Amino acid sequence: MNTVLIIDDEAKIRSLLSRIISLEGFEVFEAGNLKSALKRLEISDIDIVLCDVKLPDGNGVEFSKTVKDKFPAVEIILLTAFGNIPDGVMAIKNGAFDYITKGDDNTKILPLLYKAAEKVALNKRVLQLEKQLDSKQSFKSIIGKSAEITNAVSSAQKVAVTDATVLLTGETGTGKEVFAQAIHHASKRSKHNFIAVNCSAFGKELLENELFGHKAGAFTGAVKDSKGIFEEANLGTVFLDEIGEMFLDLQAKLLRVLESGEFLKVGDSKPTKTDVRIIAATNRDLETEIETGNFREDLYYRINIFNIKLPSLRERVADIESLASHFLKNFSQKMGKNISSFSDDYLKALKNHQWKGNIRELRNVIERSVILTDSSELSSDSLPVDILAKQEQNEFSQSKMMSAFSMASAERMQIQKILKHTNGNKAEAARLLEIGIATLYRKIEEYSIS
């Protein structure tokens, strides 16, 4: 049921309109002035405002702007005893749905209310979708409460409000693009474009054209000018994923963007200006790439102004269950299944796995399990063979090595204890154990001590 607020200083008119509109199924509220109307808007979920233009404490045309600024989903229909074109134009500019004359246009009120109600429903849907999009792109979308991920988020939040270039490092699948989107969303550039490009997905010529665009006639088939990412993202953010894969020639062009805010389109002799923030990401060791001649040292220092290392899933095992639950909920909804939990052995296998593909790999495993499962719980039967095999191997090794009555178990525990004491110094550990270094190495291999 839609709600309507009638604002008029004449009680008889309010009462008459209220009865007519109520009979059409609307819930109606009344106010005799703008002050009480604003209070009603603040405490009630009002959809449509039917407001007189001339009121004791103000003007309905000006009030329209106040309402739209505070309650953007509300639609306003203005009623006036003496209509004039300037007021009508200003009312629409201020966001009013319509502006009609009392008496002459009475028959228009109910049809307008129904049209306004349709627009209110659309407004609410748009606001809901924007809210969902905000939650997906903000730091709230980053799941986990481990110290490792919390520290990374905290660093990202601090740098987000600046305009500094950010370098995200870490293994593949750790969520670098999610972090880049969250940084953009929390920045002063959030109202402008966020454009991501994977530098390893294109050849040299294609990537150059993708990033910088081209002039007509620059090459066969270039029949008109084309904008590149750096031009399309002006005032926004460019996310360069896998920047370690970028060709050296293009690294020089990127360095020019960072230093002067300009670049040359393919086939152009006149530079194009741009104002973008760059967030780069890589799973490579760029310092090693510099030593081997694959990455420019000057570019490295330009993009490495603020480095955030994203932890691998192995470093944040405490977050695996919450991440898995999130993916389970999403995939269950998409596939129309009612799966809400994990068996103990399923969770145990997830926590013991090495996750070389990190969050991306975990997501794929959960999706596969949901596809295979017909019950309300994910069990280990739905896990990939390699994860199951590793779990069985771990359980066998633990049962073999950790027998409380085994001499080998006691010896293994003593070696572990001494190695921990020496911080992994094997020569010192062998001296304290009073055994030869070769014997220690053999024992380490025999007991699978890491």
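Predicted model: local features only at pLDDT ≥ 70, side-chain atom pairs only at ≥ 80, totals over all residues.
Residues are numbered from 1 along each chain as its sequence is written, and side-chain values use heavy atoms, with hydrogens and water left out.

Let's stay with H19, residues 437–446, whose buried residues are Leu440, Lys443 and Ile444. Buried means under 20% relative accessible area, exposed means over 50%, and partly exposed is in between, using a 1.4 Å probe and protein chains only. Those three cover an arc of only 100° around the axis, so they sit on the same side of H19; the arc is that of the directions from the helix axis to the C-beta atoms. On the face turned away from that buried side, you'll find the exposed residues Ala438 and Glu445. The cover over the buried residues of H19 includes helix H17 (407–421) and helix H18 (426–433).

Glu242 is not a glycine, yet its phi is about 55°. Glu242 lies in the loop between S10 and H10, and it counts as buried because its relative accessibility is 12%. Trp355, also not a glycine, has a positive phi near 50°. You'll find Trp355 in the loop between helix H14 (344–352) and helix H15 (358–372), and its 0% relative accessibility is why it counts as buried.

Now for the inside. The largest nonpolar core has 29 residues, and Leu211, Phe230, Leu240, Leu254 and Ile303 have the most contacts inside it. Such a core is a set of buried Ala, Val, Leu, Ile, Met, Phe, Trp, Tyr and Cys residues joined through side-chain atoms within 4.5 Å. H10 gives the most to this core, with 5 residues. Take Ile303: leaving aside neighbours within four places in sequence, its contacts (heavy atoms within 4.5 Å) include Val166, Leu258 and Phe295.

Last stop: the largest pocket, lined by 26 residues, with Ser141, Val178, Phe327, Ile359 and Arg363 nearest its centre. A pocket is an open set of points on a 1 Å grid over the protein atoms alone, where a 1.4 Å probe fits, with protein on both sides within 12 Å along at least five of seven lines; lining residues have an atom within 4 Å of a point. H13 gives the most to this lining, with 6 residues.

Notes. Helix = DSSP H or I, 4+ residues; strand = E, 2+ residues; numbered from the N terminus.
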